[in-house]
Amino acid sequence: MPITHQQVAGYEFLRQMYDDSYFPDHVVDRGRTILLRLCERIEAERPSDLESLYALTQAATEEFNLLEREFEAAGSEIETVAREWICDEFCFVASAYGFTEAEPEQLTSGRDW
C-alpha cells in the first residue's frame, strides 16, 4: 500500500544514519522499511487514540530490536546517537499523523537498544 500522507511520502527516513558511514546502508534500508511499514499500518488502521498508536509503534520497535543483531553482524550497533535519531523518526511519524501529544518514550518503550 503506497503512503498517501504527503508530508510522510516525501520524507527521507533515517537520513542521518545514511550520512554516517558507521551504519551500513543495507541495514539502514531495513530500518527505513520498518518505519514505512509503520506509516502504512497507521494509514490502513487509522488508530483513533494514543493506545492504538502505541500498539503499532511497539510492533515497529520490536522489529528494530531484531534489527540490532544485523547492525552488530555488520560491525555497527544502534548506539546512543542512532537511538536518538530513530526515536526522532517515531516522533515525526506520530506528529505527522496528528498524534502531537504522543510521549516520545512511550512510542519506543519496548526497545532493547
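In this predicted model, Arg46 has a relative accessible area of 64% and therefore counts as exposed, the cut-off being over 50%. Arg46 sits in the loop between helix 3 and helix 4 (50-73). Its phi angle is near 45°, a positive value in a residue other than glycine.

Leu14 also has a positive phi, near 60°, and is likewise a residue other than glycine. Leu14 is placed in the loop between helix 1 and helix 2. With a relative accessible area of 1%, Leu14 is buried.

**Aromatic pairs**

The structure holds 8 aromatic pairs by the ring-centre rule. Two of the pairs involve Phe13 and are set out below.

| Pair | Centre to centre | Angle between planes | Geometry |
|---|---|---|---|
| Tyr11 and Phe13 | 4.8 Å | 75° | edge-to-face |
| Phe13 and Phe92 | 6.0 Å | 70° | edge-to-face |

The planes of Tyr11 and Phe13 stand at 75°, which is over 60 degrees, so this pair is classed as edge-to-face. Tyr11 is partly exposed, at 30% relative accessibility, whereas Phe13 is buried, at 1%. In the pair of Phe13 with Phe92, both residues are buried. Phe13 belongs to the loop between helix 1 (6-9) and helix 2 (15-19), and Phe92 belongs to helix 5; the pair therefore ties together parts that are 79 residues apart in sequence.

Elsewhere, ring pairs join Tyr22, Phe23, Phe71 and Trp85 into a cluster.

**Packing of helix 3 and helix 5**

Two packed helices are described by the angle between their axes and the distance between those axes. For helix 3 (residues 25-45) and helix 5 (residues 80-96), the axes come within 11 Å and cross at roughly 20°. An angle under 35 degrees counts as roughly parallel, so helix 3 and helix 5 are roughly parallel to each other. The crossing of helix 3 past helix 5 is right-handed.

Which residues in helix 3 and helix 5 meet? Helix 3 contributes Leu35, Leu38, Cys39 and Ile42, and helix 5 contributes Glu89, Phe90 and Val93. By class, the residues of this contact comprise 6 nonpolar, no polar and 1 charged. Glu counts as charged, so Glu89 in helix 5 is the charged residue of the contact.

Technical notes
Residues are numbered from 1 along each chain as its sequence is written. This is a predicted model: local features need pLDDT of at least 70, side-chain atom pairs count only at pLDDT 80 or more; totals for chains, interfaces and linings use all residues. Side-chain values use heavy atoms; hydrogens and water are left out. Axes are lines fitted to C-alpha atoms, for helices over the stretch in contact, and angles run from 0 to 180 degrees between N-to-C directions. Helices (H or I, at least four residues) and strands (E, at least two) are DSSP runs, numbered from the N terminus. Angles under 35 degrees count as roughly parallel, over 145 as roughly antiparallel, 65 to 115 as roughly perpendicular and the rest as oblique. A crossing is left-handed if the near helix is turned anticlockwise from the far one by less than a right angle, and right-handed if clockwise. Contact means heavy atoms within 4.5 Å. Rings of Phe, Tyr and Trp (its six-membered ring) pair if their centres lie within 6.5 Å; planes under 30 degrees apart count as stacked, over 60 as edge-to-face and the rest as tilted. Buried means under 20% relative accessible area, exposed over 50%, partly exposed in between (1.4 Å probe, protein chains only).
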